[in-house]
Amino acid sequence: MMLNKILLTCSAFLYASIPPSSAFQSHLLKEHPIIASPDSTRWAYENNLDAKHGLTSTLFQQVALYLRSHTESNGSRASCLPFLMRRNINSPMMIEFNCHDLESAVESDYLSAGGWQSTADLGEDEHAQTDNVHSFQAQRLHWKSVLNTPNTIIFNSAGAYISSILSATSLAALHGLDGAAVGIALNLYVTPANVRTSAPPHTDKQDVVVVQTQGRKRWRVYSPPDSSIKSELDPFTRGKGADSITLDMLEGEGSQSKLLLDVTLLPGDILFIPARFPHTTDTLDCYGDDEDHDETLLGETDWSMHLTIGLDSHVWAMNYISMRTLALRTHGMHDVLQETNGVVDRSMDRCVGRVNELSNDLREGLYSSVDDTMFSFNSMNDLSDQQSLKPSMGKLASNLLSFHDRTNLECGWVDEIDHSLTLDQCLETVNQFRNVGQKIADAHRDMYVAAVKEEQTRIDEQGGWALNVGDSMLEERAKRLSIFRVAIYFQKLDAMREELRAWGDTSRHAEIAIELLIGDQVESVYPTNRSRGIDQSSWSSAKVVKVRTDDGLFDLQFFDGTVQKGVERNNITGPHGIGIFI
């Protein structure tokens, strides 16, 4: 009876279908109902989640189907394109999260946020400089700081930090994808109305699913520029760090990019953007003459709020280019794509240089993720599950060897007869990636499960949690703050990524630290945590803003804008990619 009720509830949701590539260019997408699949419905019911999360799981099952149906036999996903799903105006929202939900989250936890512009004032209220308010309380992000921001505020990894709604949404997305991505990170973006550029043109390392939950935002999505023109730039991180992409570069005369989508998302609309596709956003005049809209919550023209669910396969190096790099490195073979000039290079996913000069078909194949059926939402410890993987693993190994041989051929390199990559070595590499990748998938699942359980505990406390977020919070509750709970999983994930990197490190020198670059997202002890009585073992999010080559130290900018200079490498964890994209 309960399952039937959930099915009836879910059948009321109407969304546009995921289009085939041939229908995409017209942008004319017909709406049709999506009913929660029996598997997703059962999963939501068994985990005591709202029926809507069963529908969210079904949505991501469809995303996984789209990705897998656009994977060629050689492993390439070059045919994946952006797509738009318009919500039927008469149907309820599939994923709901508005300013009232965010205000509640901000006031009941210790959250941090960043943005395109300086956010030094975020997290400080008028009591911050007084002696009668504890610094821990004063440094918290407050709701009025959100309201006063002139541009976009970004809550990275909000699905892990904000236990209400978003943690269950993240868990549902993972369940629906079921291995189509080794992990996901849900970010939250809040932008005032009439912002000319809320995010300048850039590319991401993730395939992203954008869900507009409040207000409106304009998105322009372009085809990837030819990476061979500026081969020294990583096509996954264009428009970030020292690099910049202008609209003229994308739309001007002679540009090789094409405008694929120019749409204004309304609440409930969903947009999919593959990795490396440039995009830019704004909230300028998104309402026009539409005076009848009922979306207003904060003003005459509402703030925009959207979720970006990033499919993190590339973040965790689950792609052919990384597999090839580590396969050659661990077996001590020459890599024609690596130009290290004798310097120890432990990176495994830096997509710069000669790889961007390969033929388009080969480059697209190397840049494709290797999710396929290697990973599962549930750990595959059963022998029968592992046996079922063998055909897929063999196919991936064959694709890897083919990509390697083609790379050598295009670059004019011939391996020595007795020192060339073999199919068995490729299979060993695929197996290593699968083992570590499954651990990463499990850690993501456990992180979101912990957040869901924490939210249920707070509900059971009937508001007592929010009343105790101040400086008098009991120690056992202080440990439950998201900044402490989530950090444990981030450290585990970083260790798993390093496990994969170390496997391919032929020197096996444990003392070689991961190279840090300007713009890397890391964690370190907040500068004044020791004096403020906060457990000094707690680490805060930061960004590398300067690499001091003269003394080997680093300058870091923390989540609230504070800059600490001269930090030693052993006092920094990362870099890690979880949740870091814009």
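Analyst: Happy to! Phe 403 has a relative accessibility of 1%, so it counts as buried, the limit being under 20%. Please keep in mind that this is a predicted model. Tyr 320 also counts as buried, at 1% relative accessibility.

The structure holds 6 aromatic pairs. In one of them, Tyr 66 and Phe 83 sit edge-to-face, with 4.9 Å from centre to centre and 75° between the planes. Tyr 66 belongs to helix H4 (residues 51-69) and Phe 83 to strand S3 (residues 83-85), so this pair links distant parts of the chain, 17 residues apart. Both Tyr 66 and Phe 83 are buried.

The pair of Tyr 320 and Phe 403 is edge-to-face because the ring centres lie 5.0 Å apart and the planes stand at 70°. Tyr 320 is in helix H11 (residues 320-330), while Phe 403 is in helix H13 (residues 383-411), so their contact ties together parts that are 83 residues apart in sequence.

Finally, a ring with a charged neighbour: Arg 276 lies over the face of Phe 236, at 5.5 Å from the ring centre.

Terms used
Residues are numbered from 1 along each chain as its sequence is written. This is a predicted model: local features need pLDDT of at least 70, side-chain atom pairs count only at pLDDT 80 or more; totals for chains, interfaces and linings use all residues. Side-chain values use heavy atoms; hydrogens and water are left out. Rings of Phe, Tyr and Trp (its six-membered ring) pair if their centres lie within 6.5 Å; planes under 30 degrees apart count as stacked, over 60 as edge-to-face and the rest as tilted. Helices (H or I, at least four residues) and strands (E, at least two) are DSSP runs, numbered from the N terminus. Buried means under 20% relative accessible area, exposed over 50%, partly exposed in between (1.4 Å probe, protein chains only). A charge sits over a ring if NZ of Lys or CZ of Arg is within 6 Å of the ring centre and within 35 degrees of the ring normal.
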